Amino acid sequence: MYKMIAVFKVPSDVESFDKYYQEIHTPITKKVPGIKEFRVSKVFGTPRGKSDLHLITELVFANKEDFKNALNSPEMMASGKDTSNFAKDLISVHFAEEKLV
C-alpha cells in the first residue's frame with residue numbers, strides 16, 4: 001500500500017483546529033480519488049509525557065498508480081490549498097510505501 005501521511009503539531013487553539021479539521025478539511029480531503037482508507041490518529045502523549053504532535057493522518061491507497069493519480073488530482077490540490085487556511089506552519093507531509101513484515 002502507498003500512503004500520504006500528514007503530521008500536525010499541536011495548534012495554539014486546539015478546539016478551533018479540531019472543528020475546522022473535522023467540519024471543513026475532512027470533507028474536502030475525502031473527495032480525493034482512490035482513497036482506500038482515511039486514518040486519523042490523535043496523539044495523546046509520549047513515553048515521557050506530553051507530545052508536540054496533535055494529529056497524524058494517513059491517506060491509504062491500494063497501489064502506486066492510485067497514489068500517483070490522487071497526488072495529481074484537482075481534489076488533492078484543493079486539500080493541500082485548504083491546509084494553508086488552518087495548519088500552514090503546523091504540518092509536515094510524507095509519502096510512504098507500507099510493507100507487512
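Which elements cover the buried residues of α3? In this predicted model, the cover includes β1 (2–9), α1 (14–29), β3 (53–61), α2 (64–71) and β4 (91–97).

**Overall fold**

The secondary structure of the protein chain consists of three helices and four strands, arranged from the N terminus as β-α-β-β-α-α-β. For 101 residues, a compact globule would have a radius of gyration near 13 Å, and the 14 Å of the protein chain agrees with this. Of the contacts with a separation of 6 or more, 75% join residues 24 or more positions apart. Further values for the protein chain are tabulated below.

| Property of the protein chain | Value |
|---|---|
| Span of the C-alpha trace along the principal axes | about 40 × 35 × 20 Å |
| Buried share of the 101 residues | 32% |
| Accessible surface | about 6800 Å² |
| Share of the accessible surface belonging to carbon and sulfur atoms | 54% |
| Distance between the mean positions of the 15 positive and 14 negative charges | 3 Å |

**Helix α3**

Helix α3 comprises residues 74–86, and its buried residues are Met76, Ser79, Asp82, Thr83 and Phe86. Viewed down the axis of α3, these buried residues fall within an arc of 120° and therefore line one face of the helix. An α-helix has 3.6 residues a turn, so residues three or four places apart point the same way. Pro74, Met77, Lys81 and Asn85 are exposed, on the face of α3 turned away from its buried side.

**Lys30**

Lys30 is located in the loop between α1 and β2 (35–42). Its relative accessibility is 58%, so Lys30 counts as exposed. Lys30 and Leu55 are separated by 25 residues in sequence and by 17 Å in space, C-alpha to C-alpha.

Conventions. Residues numbered from 1 in each chain as written. Predicted model: local features only at pLDDT ≥ 70, side-chain atom pairs only at ≥ 80, totals over all residues. Heavy atoms only, no water. Buried < 20%, exposed > 50% of the residue type's maximum accessible area, 1.4 Å probe, protein only. Helix = DSSP H or I, 4+ residues; strand = E, 2+ residues; numbered from the N terminus. Arc of directions from axis to C-beta. Contact = heavy atoms within 4.5 Å. Rg over C-alpha atoms; globule rule 2.2 N^0.38 Å. Areas by Shrake-Rupley, 256 points an atom, 1.4 Å probe, with all protein chains shown as cover. Lys, Arg positive; Asp, Glu negative; His and termini not counted. Charge placed at Lys NZ, Arg CZ, Asp CG, Glu CD.
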